[in-house]
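Here are my notes on the model, point by point. Please read them with the coordinates open.

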Amino acid sequence: MFKSLCTKKYLIEGRGGGQYSAKSLAEVLRGAVEKAGIKKPVTPHWLRHSYATHLHEGRTDIRYIQELLGHQSSRTTEIYTHVSNREIKEIRSPIEDMDIKI
């Protein structure tokens, strides 16, 4: 079990508090996918992508997502995020809020 609910650096830490190996994480994920009965392929990278996309759709600023993912460039982070047509339709131009009399 976990010693603490707070980790120091990683979302999921190994027993010694360090980083999980990619192999270990893939094995844990594979087991969870199997137990859940998910038939679609799932990879740690896809989870990372989904995490970033959901944060973005939840209105988290791209700079925060960049920091959470450990990216040096925001361009790398932008690859992980999708903008739906629904969100684009919700954007209001600042001009629409101006009280202009002609």
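1. A nonpolar core here is a set of buried Ala, Val, Leu, Ile, Met, Phe, Trp, Tyr and Cys residues joined through side-chain atoms within 4.5 Å. Buried means under 20% relative accessible area, exposed over 50%, and partly exposed in between (1.4 Å probe, protein chains only). The largest such core has five residues: Ala52, Leu55, Ile65, Leu69 and Tyr80. Helix H2 (44–57) and helix H3 (62–69) are the elements that give two or more residues to this core.

2. Ground rules. This is a predicted model: local features need pLDDT of at least 70, side-chain atom pairs count only at pLDDT 80 or more, and totals for chains, interfaces and linings use all residues. Residues are numbered from 1 along each chain as its sequence is written, and side-chain values use heavy atoms, with hydrogens and water left out.

3. Fold. The protein chain has five helices and zero strands. Its order from the N terminus is α-α-α-α-α. Helices (H or I, at least four residues) and strands (E, at least two) are DSSP runs, numbered from the N terminus.

4. Of the 102 residues in the protein chain, 15% are buried. Contact means heavy atoms within 4.5 Å. Among contacts with a separation of 6 or more, 31% join residues 24 or more positions apart. Leu55, a core member, touches Thr60, Ile65 and Leu68, leaving aside residues up to four places away in sequence.

5. Surface. The protein chain exposes about 9,300 Å², and carbon and sulfur atoms supply 57% of that. Areas come from the Shrake-Rupley method with a 1.4 Å probe; for residues, only the protein chains shown count as cover.

6. Nonpolar patch. Ile12, Tyr20, Leu25 and Val28 form a nonpolar surface patch with about 310 Å² of accessible area together. Patch residues have over 30% relative accessible area and no salt bridge; like charges are joined within 9 Å, nonpolar side chains (Val, Leu, Ile, Met, Phe, Trp, Tyr) within 5 Å. Tyr20 lies in the segment before helix H1 (22–36). Tyr20 is partly exposed, because its relative accessible area is 31%.

7. Salt bridges. There are two in the structure. The criterion is a side-chain nitrogen of Lys or Arg within 4 Å of a carboxyl oxygen of Asp or Glu. Glu34 and Arg30 pair at 3.9 Å, N to O. Both are exposed. They sit four residues apart in helix H1, so about one helical turn separates them.

8. The other pair is Asp61 with Arg63, closest N and O atoms 3.2 Å apart. Asp61 is partly exposed at 28% relative accessibility. Arg63 is exposed at 59%.
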